[in-house]
Amino acid sequence: HTAWYTVGTYKELKTAKVVQKNGGVLGIGRTQSISGSFDKNVFTEVDTKNTMVISLNSSRAKLITRHPMQSYSMEKTGDGQLTLHIKDPELFWSISKYLVVETKA
């Protein structure tokens with residue numbers, strides 16, 4: 001029941017070799033994906049059965065890793081910061097045991 005997550009700006013995630021951009025022509029249509037050779041130390045370990053809320057510490061964020069949309073929601077707190085609410089942990093972690101979230105500075 002173990003999974004790992006990391007949250008950061010694109011620059012932070014790229015520096016840590018967590019994300020890479022793929023495809024596109026002249027930068028148009030490029031997509032981001034998780035890198036195959038990242039340092040696991042930049043990830044926080046969580047128990048998938050007990051972790052239902054992850055603070056993103058940003059007002060804007062997007063998931064880089066794939067997780068079924070119906071298994072989570074992103075909600076703003078009173079101070080405008082986003083939190084990720086995992087509604088169905090089994091479904092959420094079914095595609096990947098890694099969660100990568102890009103935030104906007």
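Predicted model: local features only at pLDDT ≥ 70, side-chain atom pairs only at ≥ 80, totals over all residues.
Which residues have the most contacts inside the largest nonpolar core? Residues are numbered from 1 along each chain as its sequence is written, and side-chain values use heavy atoms, with hydrogens and water left out.

**View 1. The protein chain holds two helices and nine strands.** Helices (H or I, at least four residues) and strands (E, at least two) are DSSP runs, numbered from the N terminus. Their order from that end is β-α-β-β-β-β-β-β-β-α-β.

**View 2. The largest nonpolar core has 14 residues.** Ile54, Leu63, Leu84, Phe92, Trp93 and Leu99 have the most contacts inside it. Such a core is a set of buried Ala, Val, Leu, Ile, Met, Phe, Trp, Tyr and Cys residues joined through side-chain atoms within 4.5 Å. S8 gives the largest share, three residues.

**View 3. Phe92 and its contacts.** Beyond its neighbours within four places in sequence, Phe92 is in contact (heavy atoms within 4.5 Å) with partners including Leu63, His67, Tyr72, Leu84 and Leu99.

**View 4. S7 and S8 form a hairpin.** Strands S7 (residues 72-76) and S8 (residues 82-86) pair (at least two DSSP bridges) in the antiparallel sense over five bridges. Ser73 lies opposite His85 in S8. Five residues separate the strands, and Gly80 in the turn has a positive phi of about 85 degrees.

Terms used: Buried < 20%, exposed > 50% of the residue type's maximum accessible area, 1.4 Å probe, protein only.
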